[in-house]
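This briefing is for a reader who is new to the structure. Look it over first, then read the points below.

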Amino acid sequence: MGFREHSAPVRRILGIALAVLLLGGVIAVALAGGEETPPTATKTVKGVIGSEKSEYFRDPDVVKALADKGYTVKTETSGSWAMDQLALKEFDFAFPSSSEPAPEIEAAAGVKGAQTTKPFFSPLVVIARANAAKVLADNNLVKVEPGRKWGTLLMGPYLKAAAEDRNWQDLSGSAAHAELNGRLFIKTTDPATSNSGALFLAATSNVANDKTVVSDQAGIDRTAPLMQKLIRVQGALEPSTDDPFRAFISGSGEPLILAYESQVASLLQQKPETGAADNMVVLYPDTTVNSPHTFVPISENAKELGSLLANDPKLRQLAVRHGFRPQNGVPEFTAATASHAAYLNPELTGIRQVSAPTVKILMALAARAKG
């Protein structure tokens with residue numbers, strides 16, 4: 001038998017052997033769970049969010065976790081209280097920084113009664129330079145325990161100082177710090193468009209209104225003069241907390257700024273090596289309004305996304321990494337931030353939580369404060 005007569009059977013045998021080897025490889029991958037092939041996102045959704053959540057949605061780990069669940073999420077930012085003015089039909093969801101703007105957003109989007117979700121929240125804080133915090137503590141406007149880098153802003157005494165138009169130079173010990181000069185005030189965001197600025201007015205007006213929620217025109221008239229002093233002294237107002245926070249950690253900006261705890265907690269966890277927090281004291285106002293970030297689905301494509309953000313273990317873990325507190329997630333937050341406990345008040349002890357006025361009342365307060 002010649003070479004040609006041998007070659008055909010040999011080729012057939014080699015072909016069968018190769019097929020067996022390939023089949024074995026497929027079976028081995030299947031037995032391993034097929035994990036070599038990552039899931040592919042099946043839905044692309046677009047949302048409008050508060051700027052404080054931008055880094056969360058840009059995080060590659062968040063992008064992957066969402067893709068694993070079948071979502072590609074694209075976002076644009078807006079002040080929470082301005083979202084209802086947008087062309088909301090262009091979005092699949094809105095994600096303001098508190099629950100108060102949600103009904104207006106639902107009405108504007110034509111989805112009144114939508115199943116909203118509150119995946120996480122973040123309390124308001126006032127960030128102070130270390131020397132500013134010391135001067136305030138020495139003058140009984142804040143309380144900071146020795147060795148701790150977080151404290152409590154005493155809203156009553158602070159608002160009394162604001163009502164009296166006090167300057168930094170009026171405070172004992174300020175002369176040693178040349179940078180502490182001019183009117184004593186907290187730099188906030190625009191209360192007419194930004195959630196943090198609006199909730200700051202909600203809390204301060206409560207204190208000024210004998211610790212009662214402002215609910216009528218008489219309450220607006222009674223508290224408006226002080227609200228004007230808090231806002232007008234600031235000059236130009238930012239639309240979100242992002243820019244003032246970045247200015248503060250870069251070493252510029254005002255000595256006292258309003259921010260979210262999430263911004264501080266995210267910085268501490270993700271960029272501890274920068275030393276940006278070395279000259280920072282975190283002050284929790286002793287009266288505050290809770291700020292649950294509220295997911296408003298607009299299209300069917302995003303209907304389940306809010307629940308996923310709230311309940312998926314991986315996404316909850318990533319929310320904590322970005323400084324947010326998952327609902328019913330005190331243990332998660334405390335564990336994740338344990339190494340930075342000197343800066344944070346995990347149990348939010350010593351803080352009085354109050355309700356916000358209605359949207360109509362709060363926007364009237366903001367208009368009077370700015371006017």
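The model is predicted, so local features need pLDDT of at least 70 and side-chain atom pairs count only at pLDDT 80 or more, while totals for chains, interfaces and linings use all residues. Residues are numbered from 1 along each chain as its sequence is written, and side-chain values use heavy atoms, without hydrogens and water.

**Largest pocket**
- The largest pocket holds about 330 Å³ of space.
- Among the 18 residues that line the largest pocket, E55, D242, F245, R246 and S266 are the closest to its centre.
- The helix α10 contributes the most to this lining, five residues.
- Five residues of the lining are nonpolar, seven are polar and six are charged.

**Helix α3**
- In α3 (residues 60-68), V62, A65, L66 and A67 are buried, that is, under 20% relative accessible area with a 1.4 Å probe and protein chains only.
- These buried residues pack against α2, β2 (71-77), α11 (305-311) and α12 (313-321).
- At the N-terminal end, D59 caps α3, with a side-chain oxygen 2.8 Å from the backbone nitrogen of D61.

**Loop residue Q234**
- Q234 sits in the loop between α8 (217-232) and α9.
- Q234 counts as buried because its relative accessibility is 8%.
- The side chain of Q234 reaches the backbone oxygen of L230 at 3.0 Å, and a polar atom of that side chain lies 3.5 Å from the backbone oxygen of I186.
- Beyond its neighbours within four places in sequence, Q234 is in contact (heavy atoms within 4.5 Å) with F185, I186, K187 and T188.

Key
1 Å grid on protein atoms, 1.4 Å probe; cavity = no way out; pocket = protein on both sides within 12 Å on 5 of 7 lines; lining within 4 Å. Points joined across faces, edges and corners; volume = space filled by probe spheres on them. Helix = DSSP H or I, 4+ residues; strand = E, 2+ residues; numbered from the N terminus. Nonpolar A, V, L, I, M, F, W, Y, C, P; charged D, E, K, R; others polar. Buried < 20%, exposed > 50% of the residue type's maximum accessible area, 1.4 Å probe, protein only. Polar contact = N/O pair within 3.5 Å; in protein donor to acceptor, adjacent residues only side chain to side chain.
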